[in-house]
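Open the model in your viewer and get ready to select one piece at a time. Each stop says what to pick and what is there.

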Amino acid sequence: MSHDYSKLIDELSRGHRSRAILSKILEVCGDSVLDLSRRNIVIKIVIKAKCLRTALENIYKEHDLYLRTIAASDERSREGLFKLYYVFGIDSEGTNLVFEVPVAEGAKVDTISDLFRASDWYELEAHDLLGIEFNGRQMSRLVLPEDWPENLYPLRKEVSVEELKKMYQPQLISRVSELGVEEVVRIPVGPYHPALHEPEYFELYVRGEKVVDARYVGFMVHRGIEKLAESMKYDQVPFLAERICGICGFVHSTSYVQAVEDALGIEVPERAHFIRSIVLEVERIHSHLLWLGVALHLLGYDTGFMHAWRIREKVMVLAELLTGSRKTYGIDLVGGVKKDIDKDKIPRIKETLNVLRKEFKELVDVAMSVPQVKARLTGTGVLPRGEARAYSLVGPTVRGSGIARDVRKDYTYAAYHYVSFKVPVYTEGDNLARTLVRVDEVFESISIIEQLVDMMPGGPIKAERWEPQPMRLGIGAVEAPRGEVIHVVLTDLYGPYRWRVRAPTYQNLQAVPIMLKGVDLADAPLTIASIDPCFSCTDRAVIINLRSGSVKTLPIEVISRRVRGNG
Amino acid sequence: MEALTILLSLLFTSILAFLPPLLDGIERKVRAKIQSRFGPPTFLQTWYDLLKLGVKELKIPLSGESAAFLVMLSLIITLISLYAVVYVALTLSTSIDFIVLAMLLVLVAASHSLGLVASATTSNPFALIGSYRSILLTILNELGLVVGSVLSILLGLRLVTNYSILTLATYLLSLAVLVVATYVSSGRLPFDIHEAEPELASGTIIEFSGKILGFYIYSHLLTRYVLSLLVAVAISTPFTAVFSPLPAVFPATLLLSACVYLAYGVVATLLGRTRVDMGVRTLFMYYLLVLTVLVIFTWIGI
């Protein structure tokens, strides 16, 4: 790299913040920077692994810089090495700063988990799935189970999906032989509590009724979605992406298609942007209503829970009117959407929104007037602003701690730059603050949909044609109800070469142990729920018939019907 | 007369023993209406649920072999307490049998305690957490129950013979104490914290299932009814001096007890769940205030 960086910095910067940060990086790591480039809002720095930590040590205290995601990729077939993509966001500028770090096989990278605490899980995941080693930290299993074989890294290209599926079957077959039976059903039994809707494990250390520490273990039902997508075509992946989450699936499919569109420079028609934005806001409203109902249920106020979900039913009907489905809408395509919004639906949309606004306000007024609800939300599960910033938190979790971070404003996408809306922020950092952020967001979402519906332009709803190109990096980010969803895509000719998904709960969960410390045991479920966690689970059982040699997977409900002798 | 009263008390007790699950079915329907849903298909649903539990296999909780015995003992004691309150209602005219009233209060306390001990014997940490929470509340609340029931019935009788504004005010105040104490004892929201936090600590009945759970729930519903009947007796006490218990006052008392039961259910629907420390604090402040006023009124001379 040339030593005269000032001209380069001027060319690449998007504002004074990125200029300052780039200057610092080049000052300390000039010779280790292999390439610098910018495309739209993404500034990419290709940097040697040995200088990554030095570069980040010099910028980690920047107040508006946060770690959005880290994607690890196996590019040995292309360039003979692995790569780590560290995606940072400069909120005040809406700039993505991507550090692309080539890593030779067997080489180690210095950890940054002490600088950016949010990177802890990303490094563990990169190690679990690709075998990348990190210096200066303890490694342990995160995503894969404890008994996963050593040296088997699922995201490496030489490991196929079929191989992974077959992996546990020999163990099951030998177990079946031991038992001397013809057929065996293996039910994954995890830390499943009757009251929890998804497999999650929180270990709470209590003294009396006070929580003194907490430990979280997750990834009980890791589905290998990123690996699956590598064998799919571009337009098949949105349907897979939408099934990442049962509540906020559309944000994932939108985030994915935006990443591909960003990578390939696809121009999406304005009308499609408007439709995506409308559906995203409908999804936000339904998700927040669902959460509010669950929160009130956890507080014992079941009347509020029932009414919240009664009101939510109107939103589900609205979603069906717009997309044809109550959930998993299936309308996203790379380059646009599949389904249009007819003019005759507009009056019904507006009428539904009016009723929704009125009934929701009544619900919130009544719920907040219940003494137990307000008393138990106030002052519990406090997350200080400093910790929220240190952990690079997102969504209502971070906005409840006084940081106005919202992808719709900071890294605007779709049609959000056409509408006027507030980003609700509360500074108390307690459960009530996070609740009120979501309440206010519902009203804002209603207003956003009304504006979008009034302003919707005519025209096509998808791009006419687009050409895939290999090894292009694209980032797609959407403000989901729980916070920022960010997808990183490396393209290939027929589908994604690498697809990295980062859901907001992945980022926010790491702060839950901090929120739980000092909390009463009774308030622990509510505090955990206050980040609106979405663990996205599924239960599957594997049935092996030794006689026929067939291997089938069945949902638990089908098995339970079989057990009752119904089929 | 005494033998007749005892026989009548036994007769009414036998009939009333079938009432609590029916009242619970009605309460569930009313709650569903408030929550804009259908609720159970029939008022008899609670009975169906209990019968269904009754035909399940008997599963003794691990290390809780005495739990089944204690639950049955608690149920028997609750039935006896129902008899006691019916007897008080039938014999209430110008005087009260304090021995029976005292026995009633002891029986109610015993029934609560046995239920908690039954849970605690299972050694399940969730059951222990729930029992601990319940004990905290119960210790504080029993004071209100005793003071409220004794004073309200005493003053109710005195109202007829020695009416004054002060007597009326004290009577109403003691009734308020009794209402709160019986509501808390009934284990409804916001004070259902012994079985609270279902997302985390499933509380006192976590180890109960099948028949044991059925008997526990029935005993719990019966206790709720006994407490409602106690309130109804306290409210109707002034009238027993004017009208005889049978055929006038007692049927009205029974009707009133059903109304009290359902009113408590409606109130529970409108509230959230308190936390154990908040619940104890709230109750303590309430009893401190009201009992102080009662003491002052007593000192003034009612």
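How far apart should the ends of helix H5 (residues 98-120) of chain B be, at 1.5 Å a residue? Keep in mind that this is a predicted model. Select those 23 residues of chain B. They should span 33 Å, and the end C-alpha atoms are 33 Å apart, which agrees.

**Stop 1: the buried residues of H5(B)**

Stay on H5(B) and show its side chains. Its buried residues include Leu101(B), Leu104(B), Leu107(B) and Val108(B). Further along, Ser111(B), His112(B), Leu114(B), Gly115(B) and Leu116(B) are also among them. Ala118(B), Ser119(B) and Ala120(B) are buried too.

An α-helix has 3.6 residues a turn, so residues three or four places apart point the same way. Look for that pattern as you turn the view.

What do the buried residues of H5(B) pack against? Select helix H4 (65-91), helix H6 (125-161) and helix H8 (210-240) of chain B. Those are the partners.

**Stop 2: the whole of chain B**

Zoom out and colour chain B by secondary structure. You will find ten helices and zero strands. The radius of gyration of chain B is 19 Å, close to the 19 Å that the globule rule gives for 302 residues, so chain B is as compact as a globular protein of that length. Along the principal axes, its C-alpha atoms fill a box of roughly 55 × 45 × 40 Å.

Now think about the inside. Of the 302 residues in chain B, 47% are buried. Take the contacts in chain B with a separation of 6 or more: 78% of them join residues 24 or more positions apart.

**Stop 3: where chain A touches chain B**

Show both chains. Here, 23 residues of chain A are in contact with 22 residues of chain B. On the chain A side, select helix H12 (302-323), helix H14 (371-377) and helix H21 (524-529). Each supplies at least two residues of the side that touches chain B. H12(A) gives the largest share, five residues. Colour this side of chain A by residue type: 13 are nonpolar, four polar and six charged.

**Stop 4: Val212(A)**

Finish in chain A. Select strand S10 (residues 210-217), where Val212(A) lies. Is Val212(A) buried or partly exposed? It counts as partly exposed, because it has 13 C-beta neighbours inside 10 Å. Leaving aside neighbours within four places in sequence, Val212(A) is in contact with Tyr205(A), Val206(A), Arg207(A) and Lys517(A). Val212(A) and Val519(A) are 307 residues apart in sequence, yet 7.9 Å apart in space, C-alpha to C-alpha.

Notes. Residues numbered from 1 in each chain as written. Chains lettered and ligands numbered in written order. Predicted model: local features only at pLDDT ≥ 70, side-chain atom pairs only at ≥ 80, totals over all residues. Helix = DSSP H or I, 4+ residues; strand = E, 2+ residues; numbered from the N terminus. Expected span 1.5 Å × (residues − 1). Buried ≥ 20, exposed ≤ 12 C-beta atoms within 10 Å, placed from the backbone. Contact = placed C-beta atoms within 7 Å. Rg over C-alpha atoms; globule rule 2.2 N^0.38 Å. Nonpolar A, V, L, I, M, F, W, Y, C, P; charged D, E, K, R; others polar.
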